Amino acid sequence: MTDLHVQNKDTHQRHNRKTSNAKVDFTAMVDLGFLLITFFMLATNFSLDNKMMTIVKPVDDSTFVGSSISVSRTISLLIGPNNKLYYYSLPDKITDYSNIVYDSTDYSSQGLRQVIMNRQKLLKKKYGTTDSLYIMIKPLPNCRYVNFVNILDEIAITQIKGYCIVKPDEEVDRYIINALNL
Amino acid sequence: MPKVKIPRKSTAIDMTAMCDVAFLLLTFFILTTRFRAAEVVQIDIPASTAQIPIPDNDIMMFNIAPDGKMFFGVDKQEVRLKILDKIEERYQLKFNNQQREAFRTLELWGMDVNQLSDFLSKEPNERAMVKQPGLKIDTTGGNQLEALILDARKADFDVHNNTLLRVAIKCDKTTEYKAFDKLIEALQNLKVNKFNLITSAKNSAE
């Protein structure tokens with residue numbers, strides 16, 4: 001290809017015996033190398049960047065009696081459509097749902113993470129341990145899957161031990177869904 | 001009289017180093033990548049800080065497309081063949097050797113089990129063109145998804161004498177939660193309570 005063998009006439013005359021050139025022409029090999037690289041770049045993808053997140057759901061067993069957690073230790077995260085996230089915490093006893101306080105936030109580290117950490121701090125003052133917070137994730141059927149993963153991720157980051165994934169069908173959830181017209 | 005030497009410039013470039021670089025890069029790509037499976041559907045997975053790498057084998061993979069269509073596949077070919085046996089038995093279908101061979105190499109599929117026979121008789125390139133409708137989930141006439149999970153686990157047990165099959169779910173960012181929930185419900189009905197969500201890696205700092 002690019003390799004032009006310019007032969008020195010003088011030297012050629014002196015040794016008439018053919019001395020084979022010690023230099024190997026690598027041009028073709030380089031071509032082959034890059035061709036294979038191109039092939040591998042197109043036909044494969046990186047195996048390194050995908051990870052997985054394990055979820056363990058409780059065994060569905062009606063005979064199981066677990067320890068109960070008081071409502072005041074929980075925070076409920078209602079995943080709504082259009083990347084909206086609503087959260088609320090309830091006192092143990094509630095009679096009137098019309099004056100419950102709920103707020104919305106986003107999935108950034110300034111949003112959800114702060115909400116969780118604030119709640120955690122509040123409960124730590126009351127119960128003395130950071131493990132006292134229990135998160136209830138309530139995804140609405142029409143919310144996006146990515147938001148669900150975001151929440152699980154925040155839970156992993158803030159190292160919350162207790163959380164569950166439940167259907168938003170308690171009275172208070174229905175009330176909020178109605179109020180917000182989700 | 002001294003001869004004046006005119007340096008003769010050769011047009012040949014030493015390709016040795018370039019060759020080294022090329023093969024070094026090649027080795028890198030071979031080691032760090034894996035072959036892309038024939039994509040039935042394009043899925044854009046969400047990112048998370050999860051650190052667990054995806055295991056190389058014994059995976060029952062579910063893909064959920066943005067429109068909620070669900071696709072299924074297991075990684076081991078002998079398990080695939082066993083699953084086909086179970087499908088034959090359950091739905092009173094018959095597959096010939098050619099169809100079996102086609103199913104053995106099928107990475108992912110999603111359709112009504114009764115359409116499977118037609119689909120497998122097609123030529124490979126024709127098969128790639130077919131738009132698969134996704135697994136049939138509705139409960140009329142038995143839940144095919146649940147039956148499939150059960151069959152896959154049984155097939156895996158037949159092959160390995162052990163239930164090693166792990167459930168991995170690859171779901172698109174924009175998929176509605178209810179599609180994902182249907183799968184979870186089916187899994188939980190069969191007492192599969194542990195599953196893995198496949199996400200791309202991201203930095204926890206942000």
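A residue counts as exposed when its relative accessible area is over 50%, as buried when that area is under 20%, and as partly exposed in between. Asp67(B), with a relative accessible area of 55%, is therefore exposed. The model is a predicted one, and the values below are computed from it.

Chain A has 182 residues, of which 37% count as buried. Among its contacts between residues at least 6 apart in sequence, 67% join residues at least 24 apart.

One buried position in chain A is Asp173(A), which has a relative accessible area of 0%. Asp173(A) belongs to helix 5, residues 171–180. Its side chain makes a polar contact of 2.2 Å with the side chain of Tyr88(A). Leaving aside residues up to four places away in sequence, Asp173(A) touches Leu78(A), Tyr88(A), Lys138(A), Lys167(A) and Pro168(A).

Lys167(A) forms a salt bridge with Glu185(B), with 3.2 Å between the closest N and O atoms. Two salt bridges are counted between chain B and chain A, along with 14 residue pairs in polar contact. On the chain B side, helix 1 gives the largest share of the residues that touch chain A, 11 residues. By class, that side has 30 nonpolar, 15 polar and 13 charged residues. In total, 58 residues of chain B are in contact with 51 residues of chain A. The area buried between the two chains is about 5100 Å², and carbon and sulfur atoms give 64% of this area.

In soluble globular proteins, nonpolar side chains tend to be buried together. The largest nonpolar core here has 68 residues, and Phe148(A), Phe72(B), Trp109(B), Ile169(B) and Leu197(B) touch the most other members. Helix 7 of chain B, residues 177–189, supplies the largest share of this core, seven residues. Another core, of 11 residues, lies apart from it, and includes Ile59(B), Phe71(B), Leu108(B) and Ile198(B). Among the residues that Trp109(B) touches are Phe71(B), Phe72(B), Ile87(B) and Leu148(B).

The whole structure contains 17 salt bridges over all chains. How exposed are the partners in those of chain B? Asp67(B), exposed at 55%, pairs with Lys69(B), the closest N and O atoms being 3.9 Å apart. Lys69(B) is partly exposed, at 28%. In the pair of Lys94(B) and Glu88(B), the closest N and O atoms are also 3.9 Å apart. Here Lys94(B) is exposed, at 68% relative accessibility, whereas Glu88(B) is buried, at 11%.

Asp151(B) and Arg90(B) form a further salt bridge, with 2.9 Å between the closest N and O atoms. This pair links distant parts of the chain, 61 residues apart: Asp151(B) is in helix 6 and Arg90(B) in helix 2 of chain B. Asp151(B) is buried, with a relative accessible area of 3%, and Arg90(B) is partly exposed, with 36%. Through shared partners, salt bridges also join Asp85(B), Glu88(B), Lys94(B) and Arg100(B) into one network.

Conventions. Residues numbered from 1 in each chain as written. Chains lettered and ligands numbered in written order. Predicted model: local features only at pLDDT ≥ 70, side-chain atom pairs only at ≥ 80, totals over all residues. Heavy atoms only, no water. Helix = DSSP H or I, 4+ residues; strand = E, 2+ residues; numbered from the N terminus. Buried < 20%, exposed > 50% of the residue type's maximum accessible area, 1.4 Å probe, protein only. Polar contact = N/O pair within 3.5 Å; in protein donor to acceptor, adjacent residues only side chain to side chain. Contact = heavy atoms within 4.5 Å. Core = buried A, V, L, I, M, F, W, Y, C linked by side-chain atoms within 4.5 Å. Buried area = accessible area lost by both parts, 1.4 Å probe. Salt bridge = Lys/Arg side-chain N within 4 Å of Asp/Glu carboxyl O. Nonpolar A, V, L, I, M, F, W, Y, C, P; charged D, E, K, R; others polar.
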